[in-house]
Amino acid sequence: MTAPTPLKLRNIGPKSAAWLRQVGLRTREDLEAAGAVDAFVKVRRAGFKPSLNLLYSLEGALLDCHWQDVPEARRLQLVEAAEAATALLPDPRSRQAAGPVTTTVTEPVESESPFDRLFDRRDD
């Protein structure tokens, strides 16, 4: 069984590809299913700060054209749809800080396993 090939599409550089992978869009089919706007919103929702160039690049990748060749009217539609979708996202500055940190201490268990001797023991 061969490993799936990484997302390699026109207009999508290494940083954008990494963002897409991190939000679960790993193949062209994943991107086609999501569409340019939803993919862009997923990246924003994940906390990344993509510019509108990513939105145009995603559309260009789906159309197999350079992102600058996406017609101006289509770009405006994409921006309006992305703005409408991202307006529903919570303001990142209004998020609550992380909760308190807790530490769990476990008592060591004596074992007769030969694997236990592979690690150094420190008695501080």
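## Overall picture

Out of the 124 residues in this chain, 29% are buried (under 20% relative accessible area, with exposed meaning over 50% and partly exposed in between, using a 1.4 Å probe and protein chains only). Keep in mind that this is a predicted model, in which local features need pLDDT of at least 70, side-chain atom pairs count only at pLDDT 80 or more, and totals for chains, interfaces and linings use all residues. Residues are numbered from 1 along each chain as its sequence is written, and side-chain values use heavy atoms, with hydrogens and water left out.

Helices here are DSSP runs of H or I with at least four residues, strands are E runs of at least two, and numbering starts at the N terminus. As for contacts (heavy atoms within 4.5 Å), 47% of those with a separation of 6 or more join residues 24 or more positions apart. The chain exposes about 9,600 Å², and carbon and sulfur atoms supply 53% of that; the areas come from the Shrake-Rupley method with a 1.4 Å probe, and for residues only the protein chains shown count as cover.

## The nonpolar core

The largest nonpolar core has 26 residues, and Ile12, Leu20, Leu55 and Leu58 have the most contacts inside it. Such a core is a set of buried Ala, Val, Leu, Ile, Met, Phe, Trp, Tyr and Cys residues joined through side-chain atoms within 4.5 Å. Each of the helices H1 (14–22), H2 (28–45), H3 (52–63) and H4 (72–87) supplies at least two of its residues, and H2 gives the most, with eight. As background, nonpolar side chains in soluble globular proteins tend to be buried together.

Ignoring neighbours within four places in sequence, Leu55 is in contact with Ala36, Val37, Phe40, Leu78, Val79 and Ala82. Over in H1, the buried residues are Ser16, Ala17, Ala18, Trp19 and Leu20, and what covers the buried residues of H1 includes H2 and H3.

## Salt bridges

Counting a salt bridge as a side-chain nitrogen of Lys or Arg within 4 Å of a carboxyl oxygen of Asp or Glu, there are two. One joins the side chains of Arg28 and Glu32 at 2.9 Å, N to O. These two sit four residues apart in helix H2, so about one helical turn separates them. Arg28 is partly exposed at 27% relative accessibility, and Glu32 is also partly exposed, at 44%.

Glu59 and Arg74 form a salt bridge through their side chains, at 3.0 Å, N to O. Because Glu59 lies in helix H3 and Arg74 in helix H4, this pair ties together parts that are 15 residues apart in sequence. Glu59 is buried, with a relative accessible area of 8%, while Arg74 is partly exposed at 31%.

## A buried arginine without a partner

Arg75, in helix H4, is buried yet has no salt bridge; its nearest side chain of opposite charge is Glu72, 4.4 Å away. Lys and Arg count as positive here and Asp and Glu as negative, with His and the chain ends not counted.

What does the side chain of Arg75 reach instead? It gets to the backbone oxygen of Gln68 at 3.0 Å. Leaving out residues up to four places away in sequence, Arg75 touches Tyr56, Trp67, Gln68, Asp69 and Val70.

Most residues other than glycine have a negative phi, which makes a couple of spots worth a look. Asn11 has a positive phi near 75°; it sits in the segment before H1 and is partly exposed, with a relative accessible area of 22%. Asp64 also has a positive phi, about 55°, although it is not a glycine. Asp64 is in the loop between H3 and H4 and is exposed at 53% relative accessibility.

Not counting residues up to four places away in sequence, Pro50 touches Trp19, Phe40, Val43 and Arg44. Pro50 and Ser16 are 34 residues apart in sequence and 8.4 Å apart in space, C-alpha to C-alpha.

Technical notes. A polar contact is a pair of N or O atoms within 3.5 Å; within protein, one must be able to donate a hydrogen and the other to accept it, and residues adjacent in sequence count only if both atoms are side-chain atoms.
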